[in-house]
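Visitor: I have some questions about this fold. Can we go through it piece by piece?

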Amino acid sequence: MKKYISITVVMMLMAFAWVSCSKDKPVDEDGLLITNRAECFVSNFELVGSDFQTVRTKNPVIDTVACTINVEVFYGTDLKNLWPQFFLATDAKLDPKITGKVDFSDLANPKQYAVVSGNRQVRKTYKIFITVQQ
C-alpha cells in the first residue's frame, strides 16, 4: 500500500513540476497578451471635449487603406483639450498610448497614431485630419 501511495505522490509532483515549468503565454511590454492576429485597423473614432461630449459634427471618415481619419468638429471647439478615442481590431493596440488630453490645434500637422496588430508584427500609422465647421 505504501508503494502505491509513494508512486502516486511522485506522479503528482512530476505533473505539478511539468505544469509549472510550461512556457507562459507571451505578453508585450504593456502586459498585453500577444496573439497570432495580424489585423490592425481603426474601426471607429470618437473625439470628445473636456465635458466628455462629442465635438464631431458627423461621423468620421476612416480610410483603412490610406490610413487616414477625417473629422469635422463644431465651430468654436477648444482644439487644445480633446480626448481621442480609437476603436481597434481585436487584440490590436495603439502607439503612442493616450494618457490625457491631446492638442489638435496645429491643423497643418495632423496627429499620428500607430495601430499595432495582435502579433506585434504589423504596424499601420494613421493620420488624423481635423476640419472646423464653417
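Visitor: What do β2 and β3 form, and how many residues sit between them?
Guide: This is a predicted model. In it, β2 and β3 form a hairpin, with four residues between the strands. C67 lies in the turn and has a positive phi of about 55 degrees.

Visitor: In which sense do β2 and β3 pair?
Guide: Antiparallel, over three bridges; β2 covers residues 61-63 and β3 covers residues 68-73. D63 stands opposite T68 in β3.

Visitor: And β3 with β7, parallel or antiparallel?
Guide: Parallel, over six bridges, with β7 spanning residues 123-132. E72 stands opposite T131 in β7.

Visitor: On to the largest nonpolar core. Which residues touch the most other members?
Guide: L47, I69, F86 and I128, out of 22 residues in that core. β1 (42-48), β3, β6 (111-116) and β7 each supply at least two residues of this core.

Visitor: What does L47 touch, leaving out residues up to four places away in sequence?
Guide: Its contacts include V71, V73, L82, W83, F104 and I130. Q53, T54 and R56 are also among them.

Visitor: Different topic. Where is D28?
Guide: D28 lies in the loop between α1 (2-21) and β1.

Visitor: Buried or exposed?
Guide: D28 counts as buried because its relative accessible area is 9%, and the cut-off for buried is under 20%.

Visitor: Which side chains does the D28 side chain make polar contacts with?
Guide: One is the side chain of K93, at 3.0 Å. Another is the side chain of R120, at 2.9 Å.

Visitor: How far apart are D28 and R120 in sequence?
Guide: 92 residues, while their C-alpha atoms are 8.5 Å apart in space.

Conventions
Residues are numbered from 1 along each chain as its sequence is written. This is a predicted model: local features need pLDDT of at least 70, side-chain atom pairs count only at pLDDT 80 or more; totals for chains, interfaces and linings use all residues. Side-chain values use heavy atoms; hydrogens and water are left out. Two strands pair if DSSP finds at least two bridges between them. A nonpolar core is a set of buried Ala, Val, Leu, Ile, Met, Phe, Trp, Tyr and Cys residues joined through side-chain atoms within 4.5 Å. Buried means under 20% relative accessible area, exposed over 50%, partly exposed in between (1.4 Å probe, protein chains only). Contact means heavy atoms within 4.5 Å. A polar contact is a pair of N or O atoms within 3.5 Å; within protein, one must be able to donate a hydrogen and the other to accept it, and residues adjacent in sequence count only if both atoms are side-chain atoms.
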